[in-house]
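I opened a notebook page for this chain.

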Amino acid sequence: YENTEASYHDTLERVLDAVQRDGAAIIIASHNERSVTFALKAMERRHIDRKDLNVSFAQLLGMSDHLSYLLGKHGCRVYKYMPYGPVIDVVPYLGRRAEENRSIMRGALRERDLLWVEFKRRVLKRQL
């Protein structure tokens, strides 16, 4: 896992260099909080604004929504994507994404906790 993450981060560095130098465009597709944080810090080091139209983030619909909302709140362009097609093709794809992103379950539990905190806040302030 560490080698894969290091390779992903190295590739991010190279592509963000091209964004800065040549105006290349990138969609950073990751459910991994460490990789998203890494990308944001790498953008800062290069003085690439979070609102730069050449840099976007993406996650699967229903996965890492807390990351998507936080990125959007801070001015980043965020896409949610949804695989479609025959179930026989889509389910194995989703299974591979879950296997590649074991942290998704931790993220889902964290997301549940964050939603619970927000729900209680709204109930207490009668903002439902």
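Entry 1. I looked up S64 and found this residue in the loop between β2 and α3. The model is a predicted one, and I keep that in mind for every entry.

Entry 2. Is S64 buried or exposed? I read a relative accessible area of 8% for S64. Buried means under 20%, so S64 is buried.

Entry 3. I then asked which residues S64 is in contact with, leaving aside neighbours within four places in sequence. I noted H31, Q59, K80 and E111. For H31 I looked at the atoms: the side chain of S64 reaches the backbone oxygen of H31 at 3.3 Å. I also checked S30, which is 34 residues from S64 along the chain. The C-alpha atoms of S64 and S30 are separated by 8.9 Å.

Entry 4. I moved on to helix α3, which covers 65–73. Which residues of α3 are buried? I listed D65, H66, L67, S68 and L71. After α3 comes G75, and I read a positive phi for G75, near 90 degrees.

Entry 5. I turned to the largest nonpolar core, which has 16 residues. The members that touch the most other members are L16, I26, I28, L40, M43, V55 and F57. I then looked up where the core residues come from. At least two residues each are supplied by α1 (2–22), β1 (26–29), α2 (33–45), β2 (55–60) and α3 (65–73). Which of the elements gives the most to this core? I found that α2 does, with 5 residues.

Entry 6. I picked L40 from that list and looked up what L40 touches, not counting residues up to four places away in sequence. My note reads R50, F57, L71 and C76. Of these, F57 is also among the core members that touch the most others, and L71 is among the buried residues of α3.

Entry 7. I compared this with V15, which lies in helix α1. The relative accessibility of V15 is 27%.

Entry 8. Last, I took values for the whole protein chain. How many helices and strands are there? I counted 5 helices and 3 strands. From the N terminus on, the order I wrote down is α-β-α-β-α-β-α-α. The C-alpha trace spans about 50 × 40 × 30 Å along its principal axes. Buried residues make up 31% of the 128 residues. Among contacts between residues at least 6 apart in sequence, I noted that 53% join residues at least 24 apart. The accessible surface comes to about 9000 Å², and 58% of it belongs to carbon and sulfur atoms. For the charges, I noted 22 positive and 17 negative, with mean positions 7 Å apart.

Conventions
Residues are numbered from 1 along each chain as its sequence is written. This is a predicted model: local features need pLDDT of at least 70, side-chain atom pairs count only at pLDDT 80 or more; totals for chains, interfaces and linings use all residues. Side-chain values use heavy atoms; hydrogens and water are left out. A nonpolar core is a set of buried Ala, Val, Leu, Ile, Met, Phe, Trp, Tyr and Cys residues joined through side-chain atoms within 4.5 Å. Buried means under 20% relative accessible area, exposed over 50%, partly exposed in between (1.4 Å probe, protein chains only). Helices (H or I, at least four residues) and strands (E, at least two) are DSSP runs, numbered from the N terminus. Contact means heavy atoms within 4.5 Å. Accessible areas come from the Shrake-Rupley method with a 1.4 Å probe; for residues, only the protein chains shown count as cover. Lys and Arg count as positive and Asp and Glu as negative; His and the chain ends are not counted. The place of a charge is taken as NZ of Lys, CZ of Arg, CG of Asp or CD of Glu. A polar contact is a pair of N or O atoms within 3.5 Å; within protein, one must be able to donate a hydrogen and the other to accept it, and residues adjacent in sequence count only if both atoms are side-chain atoms.
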